[in-house]
Amino acid sequence: MSVVDAGNSGGAVYDRGYRPYEGRRGRRGAATLALVKASIRRALGIRRTWRQKVAPFLLLGVVTIPAIVNVGIGYVTRDSPADGFEILTYRDYVGVSSALLLFVAVVAPDVMCPDRRQRVLPLMFARPMTGTDYVVAKVGAIFSILFAFSFLPQVVLFLGNMLVSDAAIDYFTGHLDVLWKVPLAIVVLAVYYAVIGVAVAALTDRRVIAGASIIGLFLVTSITSGIVVGNFESGGGSAAAVVNVLALPIYLRDIIFLGHIDPDSPLGGVANGGLLACGVYATVLVAASASLLARYRWVER
Amino acid sequence: MVDAGPLLRLTGLTKRYPAVTALDGLTLEVPRGRVGLIGANGAGKTTMFRMLLGLTQPSEGHIEVCGLDVAKDPIGVRSRLGYMPEHDCLPLDQTAADVVSTFGELSGLPARAARQRASDILDLVGLDEARFRPIGGFSTGMRQRAKLAQALVGGPELVLLDEPTAGLDPLGREEMLALVARLGTFGISVLMATHLLDDVQQVCDHVVMIDGGRLVVAGATQSLLEGTGTLTVEVGPRGTELVDALARIGLSASSVDGTVEIQTNGDDHFDVVRDTVADLGLPLYRLSTRLTSLDEVFLRHAGTAP
Amino acid sequence: MSQPSPPLPPPCTDPAFAADPTVDVREVSVWFGAKVALSELSCSFGAGVTGLLGPNGAGKTTLMRAVVGLTGVNQGAITVEGLNPRHDRSVHRAMAIVPEDEAVPAGLTARQFVRYVADLHRVTDRQAPDQALDEVGMLDAADRHVAGFSKGMRQRTKIAAALVKNPRVLVLDEPLNGADPVQRVHLIDLFKRLGDQGRTVIVSSHVLNEVERMADRVIVLMHGRLAAAGDRRAIRDAMDDRPRHVFVRSDDDRGLAAALLGLESVAGVTIDSIRKGLVIQTLQARDVATALPRLARSSSVRLLEVRALDDSLESLFRELVR
């Protein structure tokens with residue numbers, strides 16, 4: 001800043017020109033974190049018009065409604081003989097609702113495709129980040145949102161149940177396992193859908209195509225698997241159930257909550273079903289991650 | 001701590017692709033300041049930018065940017081660079097203030113500092129009033145300026161500009177060039193890649209010309225334009241009278257397309273010519289020893305490369 | 001639909017009208033909804049190269065599209081060789097436009113694209129595509145795919161596609177965009193040659209010093225209206241209420257400045273510290289030019305450089321816009 005003194009008392013002109021930045025400057029970690037935050041803001045429509053906020057928050061509402069309903073019924077029936085009545089188990093609630101699927105299909109493309117379509121990616125080149133950082137940040141952003149949106153309803157359910165039960169403290173101590181099972185199951189779910197959603201969305205620059213592809217991928221595999229497995233009875237499932245990419249995390253959820261595959265599920269009764277499910281889960285994650293990293297390999301030899 | 005060394009140091013820089021050799025044994029040092037990069041016949045310009053950003057590895061040779069070796073510390077180099085691509089690249093549904101401050105954060109600035117700097121930089125590029133409007137509604141000139149703002153917000157040492165005046169009408173072009181010129185006074189170096197030699201001449205202190213991947217010429221703009229050894233004079237339709245009068249004094253002159261060219265080898269010829277013109281009562285419309293444009297420099301040197 | 005052409009243009013002294021016009025624009029207005037793109041514009045174009053200039057949004061693209069019949073006019077009439085370009089098929093064959101935007105079909109090589117356009121326009125000469133590609137310097141790259149081209153190469157391919165039908169009227173919107181300096185020189189020469197061959201070439205560009213080199217005449221549009229027309233030096237002279245600027249570098253700027261201020265024809269002298277010389281403002285450029293060497297001699301000042309700052313289209317433009 002240069003100051004021109006008028007010579008007499010009380011007059012000076014300050015140069016409003018450019019001031020070099022002298023402050024703190026982060027590197028890769030800071031840049032990556034900033035990208036996570038910016039992507040979350042974008043997905044949730046923060047700092048944009050209210051119209052962009054409708055879809056995500058509407059879906060959040062839809063996903064939370066069962067919890068509220070359950071708590072409400074629990075409250076209404078608290079004095080009636082049907083004690084311990086729960087429409088909704090925590091295990092059930094860590095589920096795959098169409099709302100969640102829709103949510104991924106809306107949010108993942110919104111976070112990936114515009115950067116490509118509007119050719120914003122080159123602006124990332126002059127930032128202290130690599131292609132890998134970019135991918136990690138995007139997946140991290142979707143994961144955070146999915147986790148939050150799945151976890152919040154669970155919190156509502158738990159607190160609600162706690163409050164309408166006869167003795168809140170007893171309820172709490174009696175359901176301690178829920179406190180680690182639910183977050184873990186949700187993490188398993190959220191990571192899975194985040195990576196797949198982002199990987200599919202990264203393949204195209206049009207949001208509509210990406211969203212349709214995500215939904216399509218899940219539906220087609222789900223239906224195919226259903227056809228192949230066919231009608232089954234408890235304990236009479238088939239290994240083909242793992243083709244159902246959409247529902248794969250469910251089996252892991254069951255392992256977390258029950259310690260083993262649910263016999264009633266399409267995978268029930270399959271030898272080493274649990275191991276199979278975990279194996280396929282890991283494979284899908286690795287494949288999707290590899291596809292992502294390859295797509296965003298910025299440096300050419 | 002700003003390194004006082006050269007802006008760029010290229011040593012034997014070569015990049016070979018299957019179909020074409022984009023850069024071939026480039027060796028030069030470029031000082032800090034405003035530098036124009038002119039490329040012809042090939043992918044030289046794009047390749048050069050990609051290499052500076054560490055996105056492309058050289059087949060041979062080294063690059064140093066602001067004292068850092070790009071191969072060893074690409075992230076370090078990138079944090080000192082700003083980049084303004086040629087194409088549209090800003091999200092259209094966000095406001096200018098939001099976009100520029102987000103990119104400030106992406107450059108590693110803390111959120112509050114990013115917001116403050118975004119505001120300052122937008123003011124600097126003349127988008128102060130339009131700051132809170134979505135970029136989708138901006139004219140071409142405004143978008144170019146927003147692009148420049150995004151490149152400056154991180155406090156770079158060097159800004160890479162790719163055809164910054166593309167798509168701008170003559171007035172917009174003047175404004176953009178004035179902005180670029182000011183960057184030099186802020187201590188920010190500029191590497192401007194363009195096809196327009198005129199832009200470079202107006203704004204850049206230093207010029208690098210590449211043709212077919214090879215260095216054609218590099219040097220300070222002023223020195224490239226100087227000294228042809230010929231004095232060029234325009235006096236209107238009576239030029240031949242001047243030629244004759246000079247011949248009588250012993251100066252070799254000829255009339256070319258209404259312009260009189262005089263072979264000189266000394267400074268006192270200026271005065272002789274001046275006096276001769278004055279004696280003849282001719283109007284002195286033009287007097288010059290320099291090449292008047294980089295176009296002429298380019299044409300003299302280029303075409304010699306393959 | 002279109003009104004009958006009004007009678008022949010006024011005598012050729014009006015620089016907005018070419019001496020032997022091919023393209024005639026008469027009282028043309030074009031609007032798109034509430035936006036008026038052209039407003040009662042009258043001018044004409046003849047053989048040779050005419051530069052079409054103006055700020056963005058001045059109506060240049062609309063005028064070019066209307067001339068080749070891609071857009072209709074709401075009022076007035078455009079005729080090309082006496083025919084209406086919007087309706088008459090026969091005159092379409094004689095015209096070609098190279099627009100600014102990038103639309104070239106993917107998956108084709110340059111040669112395939114130009115041949116395709118040739119077939120589309122039923123060009124019988126089998127050599128025409130290669131000749132056109134050669135004219136623009138794309139013959140070597142003719143078998144490469146357009147999708148992999150740089151902007152400059154794509155532009156030149158589009159120009160070749162326009163040339164292949166041997167048009168008598170050629171309209172080009174920013175044709176040098178993306179071309180590197182060597183290509184620019186070739187293209188400028190090409191356009192000049194085409195103009196010399198008697199074709200009507202209309203070129204719009206923002207790079208004024210290149211328009212200077214190509215075009216004999218310029219037409220300047222602003223806000224959909226005609227702002228200036230004719231030879232650029234003549235236009236500048238017509239603006240005789242605006243002072244000329246002459247730059248002078250000497251070995252004693254202040255001494256010379258003091259002497260110059262004694263001249264009546266000098267309106268002002270500025271000391272330019274960036275260019276390191278004097279800038280003389282005058283309404284009588286010739287008087288100042290004649291007095292300058294005399295004054296310098298009598299003040300013992302050595303003149304090192306003298307040049308007019310307004311000779312370019314750039315400065316003309318700046319003055320027009322003020």
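1. A word on Trp50(A) to begin with. This is a predicted model, and in it Trp50(A) is exposed because its relative accessible area is 61%, where the cut-off for exposed is over 50%. The residue belongs to helix α2 of chain A, which covers residues 50-76.

2. Together with Val54(A), Leu58(A) and Val62(A), Trp50(A) makes a nonpolar surface patch of about 430 Å².

3. Next, the aromatic pairs. Over all chains, the count comes to 12. One of them joins Phe125(A) and Trp298(A) in an edge-to-face arrangement, with 5.1 Å from centre to centre and 75° between the planes. Phe125(A) sits in helix α5 (residues 121-125) of chain A and Trp298(A) in the segment after α11 (273-295) of that chain, so this pair ties together parts that are 173 residues apart in sequence.

4. Tyr134(A) comes from helix α6 (residues 131-164) of chain A and Tyr296(A) from the segment after α11 of chain A, so that the pair links distant parts of the chain, 162 residues apart. Both tyrosines, Tyr134(A) and Tyr296(A), are buried.

5. How do these four residues belong together? Phe125(A), Tyr134(A), Tyr296(A) and Trp298(A) form one aromatic cluster.

6. Finally, over to chain B and Thr194(B). This threonine is found in the loop between β8 (189-193) and α7 (197-203) of chain B. Why is Thr194(B) counted as buried? Its relative accessibility is 1%, and the cut-off for buried is under 20%.

7. The surroundings of Thr194(B) complete the picture. Its side chain reaches the backbone nitrogen of Leu196(B) at 2.9 Å. Leaving aside residues up to four places away in sequence, Thr194(B) touches Leu37(B), Ile38(B), Glu163(B), Asp199(B) and Val200(B).

Terms used: Residues are numbered from 1 along each chain as its sequence is written. Chains are lettered from A and ligands numbered from 1 in the order in which they are written. This is a predicted model: local features need pLDDT of at least 70, side-chain atom pairs count only at pLDDT 80 or more; totals for chains, interfaces and linings use all residues. Side-chain values use heavy atoms; hydrogens and water are left out. Patches are made of residues with over 30% relative accessible area and no salt bridge: like charges are joined within 9 Å, nonpolar side chains (Val, Leu, Ile, Met, Phe, Trp, Tyr) within 5 Å. Accessible areas come from the Shrake-Rupley method with a 1.4 Å probe; for residues, only the protein chains shown count as cover. A salt bridge is a side-chain nitrogen of Lys or Arg within 4 Å of a carboxyl oxygen of Asp or Glu. Helices (H or I, at least four residues) and strands (E, at least two) are DSSP runs, numbered from the N terminus. Buried means under 20% relative accessible area, exposed over 50%, partly exposed in between (1.4 Å probe, protein chains only). A polar contact is a pair of N or O atoms within 3.5 Å; within protein, one must be able to donate a hydrogen and the other to accept it, and residues adjacent in sequence count only if both atoms are side-chain atoms. Contact means heavy atoms within 4.5 Å. Rings of Phe, Tyr and Trp (its six-membered ring) pair if their centres lie within 6.5 Å; planes under 30 degrees apart count as stacked, over 60 as edge-to-face and the rest as tilted.
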